[in-house]
Amino acid sequence: MHHQWLLLATCFWVIFMFMVASKFITLTFKDPDAYSAKQEFLFLTAAPDAGRSLRETHFPEELKLTGKMLPGGRLIQPLVYMQRLELVRNVCRDDTLRNLSHTAVSKFVLDRMFVCDRHKILFCQTPKVGNTQWKKVLIVLNGACSARRGAFPSIEEIPESVVHDHEKNGLPRLSSFSDAEIQKRLKTYFKFFIVRDPFERLISAFKDKFVHNPRFEPWYRHEIAPGIIRKYRRNRTETRGIQFEDFVRYLGDPNRRRLDLHFGDHVIHWVTYVELCAPCEITYSVIGHHETLEDDAPYILKEAGIDHLVSYPAIPPGITAYNRTKVEHYFLGISKRDVRRLYARFEGDFKLFGYQRPDFLLN
């Protein structure tokens, strides 16, 4: 009997010690996710994927102190914006792409840059990438329109006719300053611009200027379109207005320069981001992406120190997402040769800003 009680007590002791040991092990090693999350953070820092459009990354709670909280409780990590700038620097150093990534900081480039001296901001205009709203932001910040200060205290009150009228919108261009003043602003101001998939931008430009023409700019249909048709339409018996195929053939022609000069500044709606903003020559603070504008817009306002003064207009869900079906539809029936020539011209934009090569159109 005595031996039975002794055996029972020994069993209870072993069970108790096993429970204590298990608890200790659990307390010491219970957080494998934190380790894997930190591994992911280090991997993303060391090896960004240059073949894709870079997206915002959301990390676990223990890493959230490195991010920025935006309205609505969304967390934006500065990592993705650093990756975008690093990608630009790497592509700019690639000598094989030099002709596609570098351009002179000419008056054409300086004309694209709008100045907000009050808050030390430079915005490089990239048409067909939501620029109207950013101009409205700057108009409100500058507090000047039609020689009346504070005429439009909110974005919603600014009519479209004022936004695009540079005599009335109160937005000075960087080209209007002296060389010394230009250099000072380029070196010290917060600088940003927005990009989107290059081919989708061209579709938007074609629709806006040659199909819908909502601002009634007749020169696109009556002067530019006939010039493109005369030189690039293959079927001379075709009597329809300009087609996307004509537009693609014009843009992909290495010898189009004379026609571009004839069209003047109207070409800003379809020239490359390189030609517009000189990203290899000018060191930008942030490069936003149209596809992630819902996060990028408030991040830019916060980084520029103006998020307490103005908000970017609400963005309908999904409206800025890349639409492959639309791209395939517009390029349907266009020869591979013409698409490849078009890509050859815009390859610098694809690589500088991390957009995937559109192999579904090229191969």
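The model is predicted, so local features need pLDDT of at least 70, side-chain atom pairs count only at pLDDT 80 or more, and totals for chains, interfaces and linings use all residues. Residues are numbered from 1 along each chain as its sequence is written, and side-chain values use heavy atoms, without hydrogens and water.

Stop 1: Select Lys128, Asn131, Thr132, His164 and Arg215. Of the 40 residues lining the largest pocket, these are the closest to its centre. The pocket holds about 1100 Å³ of space. (A pocket is an open set of points on a 1 Å grid over the protein atoms alone, where a 1.4 Å probe fits, with protein on both sides within 12 Å along at least five of seven lines; lining residues have an atom within 4 Å of a point. A volume is the space filled by probe spheres set on the points.)

Stop 2: Show helices H6 (131-142), H9 (198-212) and H10 (219-232). Each supplies at least two lining residues. (Helices are DSSP runs of at least four residues, strands of at least two.) Now colour the lining by class: 14 residues are nonpolar, 13 polar and 13 charged.

**Stop 3: Lys128.** Go to the loop between E4 and H6, where Lys128 is found. Its phi is near 75°, a positive value in a residue other than glycine.

**Stop 4: Lys120.** Move to the loop between strands E3 (113-116) and E4 (121-124), where Lys120 lies. Phi of Lys120 is also positive, near 55°.

Definitions and conventions. Nonpolar A, V, L, I, M, F, W, Y, C, P; charged D, E, K, R; others polar.
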